[in-house]
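Dear colleague,

I am passing on the structure below, together with notes on what turned up in it. Please read the notes with the model open beside you.

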Amino acid sequence: MQVSPQRDESDSLEVAVAQAIEACDGDLRATIRALIVANEFLEAQISHGYLRGVRHGRFNTYSG
């Protein structure tokens, strides 16, 4: 039986959700809080990396 890529991705997501909830001892509010904190951290890392690239001339922007 062939498993569709969409179903496989859905199953992986469900496993990740279960692991996140388990890591927070089943506390859904704590799980959401942890995910928000992790997301903010990653956004800050991306922003910092982008700014580093701009300052070092790695990104060539179109100036019209």
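Is R7 buried or exposed? R7 is exposed, because its relative accessible area is 55%, where buried means under 20% relative accessible area, exposed over 50% and partly exposed in between, using a 1.4 Å probe and protein chains only.

Before going further, please note that this is a predicted model, in which local features need pLDDT of at least 70 and side-chain atom pairs count only at pLDDT 80 or more, whereas totals for chains, interfaces and linings use all residues. Residues are numbered from 1 along each chain as its sequence is written, and side-chain values use heavy atoms, with hydrogens and water left out.

As for the chain as a whole, there are two helices and zero strands, where helices (H or I, at least four residues) and strands (E, at least two) are DSSP runs numbered from the N terminus. Of its 64 residues, 6% count as buried. The accessible surface of the chain comes to about 6100 Å², and carbon and sulfur atoms account for 56% of that surface; these areas come from the Shrake-Rupley method with a 1.4 Å probe, and for residues only the protein chains shown count as cover.

Helix α1 has 19 residues and reaches 27 Å from its first C-alpha to its last, close to the 27 Å expected at 1.5 Å a residue, the expected span being 1.5 Å times one less than the number of residues. To return to R7, its side chain meets that of D11 in a salt bridge of 3.9 Å, N to O, a term that requires a side-chain nitrogen of Lys or Arg within 4 Å of a carboxyl oxygen of Asp or Glu. The count by this rule comes to one salt bridge. R7 and D11 are separated by about one helical turn because they are four residues apart in helix α1, and D11 is partly exposed, with a relative accessible area of 37%.

After α1 comes D25, which lies in the loop between α1 and α2 (28-55). The phi of D25 is near 55 degrees, a positive value in a residue other than glycine. Most residues other than glycine have a negative phi. At 74% relative accessibility, D25 counts as exposed.

T31, by contrast, is buried, with a relative accessible area of 6%, and is found in helix α2. A polar atom of the T31 side chain lies 2.9 Å from the backbone oxygen of D27. Not counting residues up to four places away in sequence, T31 touches A20, I21 and C24, contact meaning heavy atoms within 4.5 Å. Of these, A20 is in helix α1 (residues 5-23) and counts as partly exposed at 21% relative accessibility. A20 and I32 are twelve residues apart in sequence and 9.0 Å apart in space, C-alpha to C-alpha.

Key. A polar contact is a pair of N or O atoms within 3.5 Å; within protein, one must be able to donate a hydrogen and the other to accept it, and residues adjacent in sequence count only if both atoms are side-chain atoms.
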